[in-house]
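Subject: Structure for your review

Dear colleague,

I am handing over the structure below, and my notes on it follow. Please read them alongside the coordinates.

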Amino acid sequence: MDRTEEAARAERTADVVGFLYPGHSAEDEYPRLEAILGEAAGSVRLPLVHTDIGEDAHRVDALLEMGSTARLSAEVGRLCEHGAQAVVWACTSASFVFGWDGAHEQVRELSSAAALPASSTSFAFAHAVRALGAERVAVAATYPKDVAEHFRAFLKAAGAEVVSVRGAGIITAAEVGTWGREEVLALARAGDHPDAQAVLLPDTALHTAAWLPELEAVLGKPVLTANQVTVWEGLRLLDRTVSCPALGALFDGRALAEPLLLRE
């Protein structure tokens, strides 16, 4: 078998999770995460398609429009062309602002449009918290405080106790995407709480993949970040478990092999 045939065979046998990603900010996290997972397990592909976000604003009205069925459904076909076997809406704020029931409906409509299993980053966080066995969490958000409080309500509906919420007040995903290591570490430190068993950084516009082990070492506890949990959720939809300590506690074997069911 020559290299071309070998590559084609690998492509056919890969687990393929497709992501709908709003606009442009930290989309380079996905090829980075694919490469890291490839070193640990191979045969994982993470194609990404951008959605039209309308107004780039961490504001409830703008987020509701950003996560509308019309905007998501418009790009689903392109993911199917990549061979996606599951699809995840790679956005936290434009899923949790719909509330617990609304976020479920958003995912149901996305699944129907794609004819594939579907989820979103908000549910990824809820499932990841349960998988780690964490009962008390702290939220270190880039968003304005009022938007971050919607995430608290979503997690509470999922059954988690949120012991603290910090909102950094950043309005646009474009600005969040410019943050580097120092800003991310500072955000995580500021948002930690002594009673929290895990710290959540809920923004897919934030680059974190390169610093996950460092974040956990600095805080001394699991850290869940948006693009990390989004990829984990996509693999969960395919019943694929990957051991990859480079991506933090969620991937290092402490997560349960069988996902726990959330409250319906």
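Helices (H or I, at least four residues) and strands (E, at least two) are DSSP runs, numbered from the N terminus. On that basis the chain has 12 helices and nine strands. This is a predicted model, in which local features need pLDDT of at least 70 and side-chain atom pairs count only at pLDDT 80 or more, while totals for chains, interfaces and linings use all residues. Residues are numbered from 1 along each chain as its sequence is written, and side-chain values use heavy atoms, with hydrogens and water left out.

The radius of gyration (taken over C-alpha atoms) is 17 Å, close to the 18 Å from the globule rule (2.2 Å times the number of residues to the power 0.38) for 264 residues, so the chain is as compact as a globular protein of that length. The C-alpha trace spans about 55 × 40 × 35 Å along its principal axes.

Two helix pairs deserve a look, with axes taken as lines fitted to C-alpha atoms over the stretch in contact, and angles running from 0 to 180 degrees between N-to-C directions. Helix α7 (residues 121-132) packs against helix α12 (residues 226-237) at an angle of about 80°, their axes being 8 Å apart, which makes the two roughly perpendicular (65 to 115 degrees). In this contact (heavy atoms within 4.5 Å), T121, F123, A124, F125, H127, A128 and A131 of α7 meet A226, V229, T230, W232, E233 and R236 of α12. By class, eight of these residues are nonpolar, three polar and two charged, where Ala, Val, Leu, Ile, Met, Phe, Trp, Tyr, Cys and Pro count as nonpolar, Asp, Glu, Lys and Arg as charged, and the others, Gly among them, as polar.

Helix α6 (residues 99-114) and helix α8 (residues 145-158) pack at about 85°, with axes 9 Å apart, and are therefore roughly perpendicular to each other as well. Here G99, W100 and A103 in α6 meet F154, A157 and A158 in α8, a contact with five nonpolar residues, one polar and no charged ones.

Turning to a strand, L48 is found in β3 (residues 48-51). Leaving aside residues up to four places away in sequence, L48 touches F19, Y21, E27, Y30 and L79. The C-alpha atoms of L48 and D28, which are 20 residues apart along the chain, are separated by 9.7 Å.

Best regards

Methods: Angles under 35 degrees count as roughly parallel, over 145 as roughly antiparallel, 65 to 115 as roughly perpendicular and the rest as oblique.
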